[in-house]
Amino acid sequence: RLLRTRIGDRCGEIQALYEMGRLARDHFEDSAQARQYFREALDLAVVLGDAHRQGDLLNAMGISDWKHKAFVQALVHYEQALVQYREAGDLSETALMLNSLGVTLRSLRRYDEALTRLQQAVHAAHQANHRLFLGYALAAIGDVYRDKGDYPEARTHYQRSLAIRRDIGDRQGEGWMLHHLAMTANSDGQIDQAREYVAQASQIAETHVDKELGQACGYLQAQLGSHERGDYATK
């Protein structure tokens, strides 16, 4: 950053600040320092009139808020990032920000608003021809319906996301969709179907060394095992 500043390379200085912010946020867990770096970089991006870079930095700030469960503040930053990405004409990032807004609204249990944003994310992902982001949005819609107890709709959206993950070779995403389908089937009383889904998800987790997915599958398998034992206290 110091060298970039000395030679008047504002773009390079912004990039250095962005990376410093990510290190502070993701590796040192210093949210205050991360916000300072992102804010300094954002101020420079505003001076340069770089809408896309402003979107990146506002998104980074939203992620920091999300990590600390400051969901209302995350909404503010994601909305601001959405404005910048739209101004920059970036359809892919627009789809991603709409998805982030939907997921955040779901965390606040504002389900109708979440579904509206996520349907917009589906439309933007189609426009951008970005199938992975489309898969993200469909999965997030499934999450909202599962929260609402509408298991048929949840299953439909998870299956659509699963088909995309398989088609584009996203094996870890495939594993998580199978896990979500297993959870939905379990909640809907379809225990045999849940066991089948979670077994497939566990195999993917083992093959691709996804510890988080493996742990989630292990926990769900323990729940499913309680049905056989009649031990509903652990359900």
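This report looks at salt bridges in a predicted model.

## Overview

Side chains of opposite charge can pair when their charged atoms come close. A search of the whole structure finds 19 salt bridges.

## Helix H2

Glutamate 19 pairs with arginine 22 in a salt bridge. Their closest N and O atoms are 3.3 Å apart. Both residues belong to helix H2, which covers residues 10-26. They sit three residues apart, about one turn of the helix.

Glutamate 19 is partly exposed, at 31% relative accessibility. Arginine 22 is also partly exposed, with a relative accessible area of 34%.

## Helix H4

Aspartate 56 and arginine 53 form a salt bridge through their side chains. The N to O distance is 3.9 Å. Helix H4 (residues 51-67) holds both, three residues apart, so about one helical turn separates them.

Aspartate 56 is buried, because its relative accessible area of 17% is under 20%. Arginine 53 is buried too, with a relative accessible area of 18%.

## Helix H10

Arginine 171 meets glutamate 174 in a salt bridge. The closest N and O atoms lie 3.0 Å apart. Both residues are in helix H10 (residues 171-187). They are three residues apart, so the separation is about one helical turn.

Arginine 171 is partly exposed, at 35% relative accessibility, whereas glutamate 174 is buried, at 7%.

## A network

Salt bridges also link Arg106, Asp143, Arg146 and Asp147 in a network.

How values were computed
Residues numbered from 1 in each chain as written. Predicted model: local features only at pLDDT ≥ 70, side-chain atom pairs only at ≥ 80, totals over all residues. Heavy atoms only, no water. Salt bridge = Lys/Arg side-chain N within 4 Å of Asp/Glu carboxyl O. Helix = DSSP H or I, 4+ residues; strand = E, 2+ residues; numbered from the N terminus. Buried < 20%, exposed > 50% of the residue type's maximum accessible area, 1.4 Å probe, protein only.
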